[in-house]
Amino acid sequence: MSADINNAFETKQAATPVKEGAEPSYPYLVYESQEDLDRLEAALTELRKTKTGSQLIADATEHQTPIRLDKAMRAYGSYDEVTNNLKLNANNDENRMVGTLAHELRHAQQFQKGILLDAYLDTPKTYIQNQAAIEADASATSCAVCYELALQGNDKPLEALRQKDPHFVNPFQNAAVKGGLADGSAYQAAFKGWFTDYCTRDSYDILYIKMARQRRSNCTREEEDKKFERVVPVADIVEKVCTSNGKPYMSRKETEEFFSTPDASTVSFERFNNIYANCYQKFDLKYSDMENEMKNKLGLTMRPHFNFMPRAVVPEPLPIPTVESRQAQAAEKIAAAKQEKAAESKPKIPMNVILQKRGNQGK
Ligand SMILES: [Zn+2]
């Protein structure tokens, strides 16, 4: 498979006109015009300004992930773990492109860590939870990159991200303002915020139904016998992928608690029926008692249509510290440290000198 990708990539690369002297800064860019190259470079340049983004690019370079624009896609972007191809919607504006690139690069990173995800082999519940977990994590990562840029004075990518997804951007920001970048709590806040939007959750569940159908069309006999059986606990996936600064931002216990709430096992009415149709034969699910059968045998319950669900929880965002305020804060810290040092290095007057002085005064 990887050989196929390399060949396809090389053919494409050979046909790409590179402007004189302008080698792409990322060796696996695929583009058809100077304009495309410029747009891709612009997004990469923004990502490189941040610690999170630089790491994402370094990992993708190691993994030789081709990155290209696509004019015909509906989503903001996509990453295909089978072909290792990353696509960005050419219709994204420049600011939205930054968050999308971070999100998709995070997916590439997740799959490098060797996570198991198969719509046909996995139980519907674990697949749905695992897919949601990697989406929530990629979304938290896009927040991290955009927030780092905002701290540097460019808040446009963060605002572009917030426009559609305030339900995870605002929780990230609010935790970050309170120091949550260092301890990972900003990531965790965004991760949990992601689940409050039922419309987004259902759009991924729709994708799951499509993927399961697609996989069935090319599965082996052996796979068919084992369909929808494999249990991949969400805590395993979270443990592997959900890290910031090299440390997990959700403990195993926090993950298990979060995914054992009744809400974490719900799917929409439509998906409930789709999954029933996929699984009723295999698991002998009786139609007359569909809801209980699905709950007892597949661990899934139905939620009302998302129009009737609670609206996504969107807290008001706290103001982001400006470059000036952070500089002032840093200057204050330095001044305080200097003062402390000065106090320390002040020569101490030996006790006998003081006593001597006192003695002299007494004279
Ligand atoms: Zn995604």
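This is a predicted model: local features need pLDDT of at least 70, side-chain atom pairs count only at pLDDT 80 or more; totals for chains, interfaces and linings use all residues.

User: What is the average pLDDT of the protein?

Analyst: pLDDT is the predictor's confidence in each residue, from 0 to 100. Here the average is 89, and 88% of the residues score at least 70. Over residues 1-18, pLDDT stays under 50.

User: Which residues of helix H12 are buried?

Analyst: A residue is buried if 20 or more other C-beta atoms (placed from the backbone) lie within 10 Å of its own, and exposed if 12 or fewer do. Helices are DSSP runs of H or I, at least four residues, numbered from the N terminus. In H12 (residues 252-259), Thr255, Phe258 and Phe259 are buried.

User: Why are they on the same side of H12?

Analyst: Because they cover an arc of only 85 degrees around the axis, taken from the directions from the helix axis to the C-beta atoms. The face turned away from this buried side carries exposed Lys253 and Glu257.

User: At what angle do the axes of H3 and H4 cross?

Analyst: Axes are lines fitted to C-alpha atoms, for helices over the stretch in contact, with angles from 0 to 180 degrees between N-to-C directions. Those of H3 (residues 51-62) and H4 (residues 94-112) cross at roughly 50 degrees and come within 9 Å.

Terms used:
Residues are numbered from 1 along each chain as its sequence is written. Helices (H or I, at least four residues) and strands (E, at least two) are DSSP runs, numbered from the N terminus. Two residues are in contact if their C-beta atoms, placed from the backbone, lie within 7 Å.
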